[in-house]
Amino acid sequence: MVHQLSLVSSIPHSSYIQTISTLQALTGLLSPQPISTYTLLTKPHDVFKPKFEPGKVNQIEQYFMKAITTWSDSGNMDISKPILKKDKDTEVSVERLFTGEEQENQRKWTLQISDIPVAGKNQACSAQTIYESTLIHTHTKVTTETVTKRPQKSTIVDENAMEIDDLEPDVEVVKVETAETKEKEVVKEEKEGEVTKDAKQGEENKIEIDDEPEKEDSKASETTKEKESELSIENKEEAPSTLDELHISTTKDSFLQFLEDLGYDVVNQYWIKGIRFFHGDTVIEIFKVLVRDDEEESSDSGKIKLKLLDESNTFQIKTYINIAKSTDIDQINQGTKELLRLQEFLKNLFKLEIPDRMFMDSRVMPKKQV
Amino acid sequence: MVSAVLLIQKASPETITQFHDQLSNELPTLRGKWSFNFKIFRNNPYSIPPELVETATVHPESKFLFTLSPSYLNDSTITLINKKSAGVFTNLVKEAAEELGHPTDLSIPDEHLHKGATTGLNDPFDFFVAQKLQSLWTQRQLIRGDGGHIYELENGNLTIRTSNVFLHGNFKGLLVEIDVDKNLLKGDTVESFTATFEGIRNKYGIPAGELCCDVLDVKNLDTYGDLIYQYSTILNF
């Protein structure tokens with residue numbers, strides 16, 4: 001359990017050098033620590049519908065969950081250089097994951113769920129509790145071959161199947177696949193409104209906040225589209241590959257299977273690249289957020305091309321202090337003071353602000369009745 | 001390592017002391033004491049698959065999530081969901097584990113912390129589930145193992161762990177966990193595992209009981225996944 005005190009800001013790309021120099025002078029850290037994370041945003045698969053009893057208030061919430069791991073880009077991305085569209089020199093791409101290779105079993109994932117930040121009018125900084133646990137090893141007995149061999153099991157597997165690993169040894173497979181794809185698309189259309197909301201929430205959770213709601217909406221719907229096209233691409237891709245793999249026993253990726261069994265579906269993904277300074281107990285992170293670029297295919301088919309979420313090349317800044325116990329009032333007060341001191345000190349460089357609490361809410365809201 | 005778990009439900013103080021005496025005669029290396037917590041979670045019945053939301057009020061099927069935290073695996077929790085997928089969670093970063101003098105074979109690599117994927121302040125997985133996944137999983141049972149001993153035999157190729165099992169404070173039997181090195185096995189099927197472990201049971205005079213040496217996937221053995229699978233089969237009161 002981490003109690004995190006934080007303030008956020010953003011700077012245009014042009015003030016990057018100045019900011020870095022100032023922070024180097026302030027912290028005495030000449031080479032800041034690089035950060036690069038890859039996050040899967042996941043949402044509970046099932047709908048929580050508690051029994052309604054008069055006089056009883058439901059205290060149980062459903063939460064979005066982040067699954068975070070590290071990533072390294074293929075071409076040594078330099079964050080001090082702006083990333084421009086259609087510029088081959090600054091192209092960022094990443095190796096595909098979940099290709100079924102053995103080493104993927106060794107990838108470590110941190111599962112993280114955050115509470116909504118503490119409410120109140122006189123908050124000096126955002127304070128929220130984060131729960132996390134790190135998965136260092138996964139194993140599953142679900143193999144694609146099991147599906148063909150044991151018909152009783154296949155029904156169970158099918159119900160849970162996240163992707164379309166349906167392996168009927170017939171020629172009809174392709175037809176089955178397309179039918180399923182269509183079904184999925186229909187379901188997706190129904191869910192579209194929800195997904196848009198998800199994507200929006202997700203975006204807001206991870207970074208700080210834009211003040212223009214219109215911009216957010218467009219961004220969110222963009223991400224939704226991306227997600228969809230990505231899914232459909234995956235569907236298409238998987239159809240032929242499953243045919244090839246008919247007689248090969250491929251173990252389903254154990255991490256994805258684990259997430260699915262835990263009850264979570266992946267709804268979105270993003271990559272973060274940046275640097276980090278330390279000032280006393282305070283961590284100062286400066287980073288850019290990247291998302292999958294589906295307009296252009298990467299020249300290498302084993303890689304995914306990325307683009308900036310915010311194409312203006314703006315840097316996001318997050319300063320935070322982690323406190324191990326949320327009950328440690330002394331530490332929290334001291335941490336708050338330190339953050340305020342830093343805010344005052346850096347006020348001419350960038351303005352550190354409290355992120356909007358509502359955008360940091362990671363609870364899954366029940367679908368509104370239309 | 002391949003494991004098997006044996007539960008002697010009819011164990012009495014006499015049989016337990018007799019068994020410990022007999023093991024001591026084999027001059028084992030004593031590896032200290034251990035204990036464990038085994039938790040059983042059931043899916044929250046009010047979490048309903050989206051396609052059934054309009055028609056059903058409870059989830060049509062029961063699923064189970066097990067967590068096992070043995071004290072000999074420092075700060076780690078093994079988990080098994082639906083008897084299909086297993087995972088090992090740990091809450092110490094390698095550099096912190098080294099500082100504390102804990103074994104580092106199950107720890108988060110330093111890079112994971114340095115690159116920003118974790119805050120370094122991890123919770124045990126059973127706590128995480130109980131706190132934040134209440135809408136999906138609710139805890140049903142807590143089985144505790146106390147007063148356990150670890151014996152190492154045959155030059156470290158065989159480890160026998162014994163522990164008393166308690167459910168709600170009631171004694172439920174003596175649990176014996178047997179770990180053997182892969183090269184002591186006589187084959188690679190479940191039947192041959194049974195034969196091997198029955199042999200060990202006879203050789204060291206382990207009292208008869210419910211023996212489980214089933215594995216999740218015979219072609220692809222997984223030390224921790226198979227271990228918790230056996231616990232979940234045996235500790236089924």
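**Figure 1. Overview of the predicted complex.** Chain A contains seven helices and eleven strands. Of its 370 residues, 36% count as buried. Among contacts in chain A between residues at least 6 apart in sequence, 74% join residues at least 24 apart. For the complex, the predictor gives an ipTM of 0.89 and a pTM of 0.78. Chain B has a mean pLDDT of 89, and 100% of its residues reach 70 or more.

**Figure 2. The contact between chain A and chain B.** In this view, 46 residues of chain A are in contact with 45 residues of chain B. The elements of chain A that each give two or more residues to this side are strands E2 (33-44), E3 (47-48), E4 (65-70), E6 (109-114) and E7 (126-140), together with helix H6 (254-262). Strand E7(A) provides the largest share, eleven residues. By class, the side of chain A that touches chain B has 19 nonpolar, 18 polar and nine charged residues.

**Figure 3. Strand pairing across the two chains.** Strand E7 of chain A and strand E6 (residues 85-90) of chain B run antiparallel and are joined by six bridges. One of the paired positions is A:Thr140, whose bridge partner in E6(B) is B:Ser85.

**Figure 4. Two loop residues of chain B with positive phi.** B:Lys83 is placed in the loop between strand E5 (76-81) and strand E6 of chain B. Its phi is near 55 degrees, a positive value in a residue other than glycine. B:Lys83 counts as partly exposed because it has 17 C-beta neighbours inside 10 Å. B:His168 lies in the loop between strand E8 (158-167) and strand E9 (170-180) of chain B. The phi of B:His168, also a residue other than glycine, is positive and near 50 degrees. Because B:His168 has 10 C-beta neighbours inside 10 Å, this residue counts as exposed.

**Figure 5. The largest nonpolar core and a second, separate one.** In soluble globular proteins, nonpolar side chains tend to be buried together. The largest nonpolar core of this model has 75 residues, of which B:Ala4, B:Val5, B:Leu6, B:Ile228 and B:Tyr231 touch the most other members. Leaving aside residues up to four places away in sequence, B:Ile228 touches B:Phe66, B:Leu68, B:Ile78, B:Thr79, B:Leu80 and B:Ala86. A second, separate core has 37 residues, including A:Val291, A:Leu308, A:Tyr320 and A:Leu346.

**Figure 6. Strand E10 of chain A, with a covered and an uncovered face.** In a regular strand the side chains alternate between the two faces of the sheet. Strand E10(A), residues 303-308, has A:Ile304, A:Leu306 and A:Leu308 on its covered face. The uncovered face of E10(A) carries A:Lys303, A:Lys305 and A:Lys307. Strand E5 (residues 92-95) of chain A pairs with E10(A) in the antiparallel sense over four bridges, and the bridge partner of A:Val94 in E10(A) is A:Ile304. Strand E9 (residues 282-292) of chain A also pairs with E10(A) in the antiparallel sense, over three bridges. Here A:Arg292 has A:Leu306 as its bridge partner in E10(A).

**Figure 7. Strands E2, E8 and E9 of chain A.** Strand E2(A) is joined by twelve bridges to strand E8 (residues 264-279) of chain A, and the two run antiparallel. A:Pro34 stands opposite A:Ile275 in E8(A). Nine bridges join E8(A) to E9(A), which also run antiparallel. In this pairing, A:Arg276 stands opposite A:Glu285 in E9(A). E8(A) and E9(A) form a hairpin with two residues between them, and A:Gly280 in the turn has a positive phi of about 60 degrees.

Figure 8. A:Ser14 lies in the loop between strand E1 (2-11) and helix H1 of chain A. A:Ser14 counts as exposed because it has 9 C-beta neighbours inside 10 Å. Although A:Ser14 and A:Phe315 are 301 residues apart along the chain, their C-alpha atoms are separated by 9.8 Å. Helix H1(A), residues 16-27, has twelve residues and reaches 16 Å from its first C-alpha to its last, close to the 16 Å expected at 1.5 Å a residue. A:Gly28 follows H1(A) and has a positive phi, near 75 degrees.

Technical notes. Residues numbered from 1 in each chain as written. Chains lettered and ligands numbered in written order. Predicted model: local features only at pLDDT ≥ 70, side-chain atom pairs only at ≥ 80, totals over all residues. Core = buried A, V, L, I, M, F, W, Y, C linked by C-beta atoms within 7 Å. Buried ≥ 20, exposed ≤ 12 C-beta atoms within 10 Å, placed from the backbone. Contact = placed C-beta atoms within 7 Å. Expected span 1.5 Å × (residues − 1). Nonpolar A, V, L, I, M, F, W, Y, C, P; charged D, E, K, R; others polar. Pairing = 2+ DSSP bridges. pLDDT = per-residue confidence, 0-100.
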